[in-house]
Amino acid sequence: MRVMCTTMGSPSHGRAQLPLLRALAAAGHEVLVVTDEVLAPVFREDDVRVVTRMPDLDPGGWVERYRGGGGQPPDGDPEAFQRDLMPALFRGMTREGAADSYAAVLPVAEEFQPDLILRDGMDLGACLVGERLGVPHLPTPSGTTNVLNPAKILGPLNATREEVGLPVRDDPLSLLPYGRIDYVPPALSFARYLEPSPLAYRQTVDVARGAALPAWVAELGADRPLVFAALGTVLPATCERASSPAPPVLFPDARETLRTMAEAVARLDDCVVVLATGGVDAGPGEPPPHVHVVERIPQPLLLEAADVFLTHGGFNSVRESLRTATPMVVLPQFADQYPNARRVEELGLGRCVTTRTPEGVAADCRAVLADRRTAARARRARLAMLTLPPVENAVGDLVKIVTG
């Protein structure tokens, strides 16, 4: 079986796909990844072929084009602001985003002749490629898939279908005719607009090959709670790519967010803290002795020992926390992270930060650390995660989809 996989947006999107692609390659199937130069290194150690044909994303441009400008709302409510941006972002994703991806990926697919397409949740062009070639296509685990409302994007996506010479569709779920893949059980689903019945497989703890925690972690001691704080991958990437001090309108300032986290965990002097910066400057001054600042660390491994995870709320990080029974304090930044944070609260697995100051974040961390019910619910969630079949089982399921 020949499998084509598209990846865009963030390294975390590729890491979500890796366990699935490894299982397919190990079973003898040929895997081709279509991505860009920035994300190609995610796949360099795996038995897959990579071509860098994916066009650059322009989410800030989409928001500017379809919303008519940026800027924070008058009341300064970041969640309301992000909610206001989403329709413009999704419209750009279904129009220019889908059209550009379709134009770039179709020639690759025509040459490769895939039997199956696995796509990034942001990549709607791959759906159109699948429709053109009559090839089954499914999204891989993705925050975008969770928050994208198929009914809302049907009109713009049909307009793109017409532009590329494809028949329009009446059913909003024509976006997902073969289903979707997830790494959480239905009872813990984060999908807002879809029935919670995906092809679900167990979240993999080890994604990076040969990952190990540094030796100094063993010297942290176990007499105090361990708090892990991390910024994720997307915000640091936008910080690096920004040509001016301010990142695109869609994204908050990574430096400001990291400094809020750093000042918050500095107040947790009765804990041990590991703060992963993602390469962003944490600001002037030395951290207090209980805070250990690193650029990067194997997150799934450290979460196995953490008592609380202070996170931005990306879907990868949320799933990894569920897998390791780690209660969360979520400081969401953009896009699906706000719905993710609310879902974490709804499931009783942690808190969404509402007072976005160092004092407020520290108070939420202390509250979650002291809440035994939250810890118990996190352990129950881990048990539910462990009931899922291993990701290797996906290979047989996908073969059945292809063979009918």
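## Crossing of α3 and α6

A crossing is right-handed if the near helix is turned clockwise from the far one by less than a right angle, and left-handed if anticlockwise. In this predicted model, α3 passes α6 in a right-handed crossing. Helix α3 spans residues 78-112 and helix α6 spans residues 150-163. Their axes come within 9 Å and cross at roughly 15°. Angles under 35 degrees count as roughly parallel. The two helices, α3 and α6, are therefore roughly parallel to each other.

Which residues in α3 and α6 meet? From α3 come F90, R91, T94, R95, A98 and A99. From α6 come I153, P156, L157, A159, T160 and E163. The residues of this contact divide into seven nonpolar, two polar and three charged.

Rolling a probe the size of a water molecule over the atoms shows where empty space is left. How many cavities of 30 Å³ or more does a search of the whole structure find? The search finds two.

The largest cavity holds about 50 Å³ of space. Its lining consists of R119, G121, L124, T145, L148, P150, L175, L176 and L194. Six of these lining residues are nonpolar, two are polar and one is charged.

The second largest cavity has a volume of about 40 Å³. Around this cavity sit M8, P55, D56, L57, W62, G97, D100 and S101. Helix α3 contributes the largest share of the lining, three residues. By class, the lining of the second largest cavity divides into four nonpolar, two polar and two charged residues.

## The second largest pocket

About 600 Å³ of space lies in the second largest pocket. Its lining counts 26 residues. Nearest the centre of the pocket lie M86, V147, R192, Y193 and P339.

The lining of the second largest pocket divides into 12 nonpolar, five polar and nine charged residues.

Terms used. Residues are numbered from 1 along each chain as its sequence is written. This is a predicted model: local features need pLDDT of at least 70, side-chain atom pairs count only at pLDDT 80 or more; totals for chains, interfaces and linings use all residues. Side-chain values use heavy atoms; hydrogens and water are left out. Axes are lines fitted to C-alpha atoms, for helices over the stretch in contact, and angles run from 0 to 180 degrees between N-to-C directions. Helices (H or I, at least four residues) and strands (E, at least two) are DSSP runs, numbered from the N terminus. Angles under 35 degrees count as roughly parallel, over 145 as roughly antiparallel, 65 to 115 as roughly perpendicular and the rest as oblique. Contact means heavy atoms within 4.5 Å. Ala, Val, Leu, Ile, Met, Phe, Trp, Tyr, Cys and Pro count as nonpolar, Asp, Glu, Lys and Arg as charged, and the others, Gly among them, as polar. On a 1 Å grid over the protein atoms alone, a cavity is a set of points where a 1.4 Å probe fits but cannot get out, and a pocket is an open set with protein on both sides within 12 Å along at least five of seven lines; lining residues have an atom within 4 Å of a point. Grid points are joined across faces, edges and corners, and a volume is the space filled by probe spheres set on the points.
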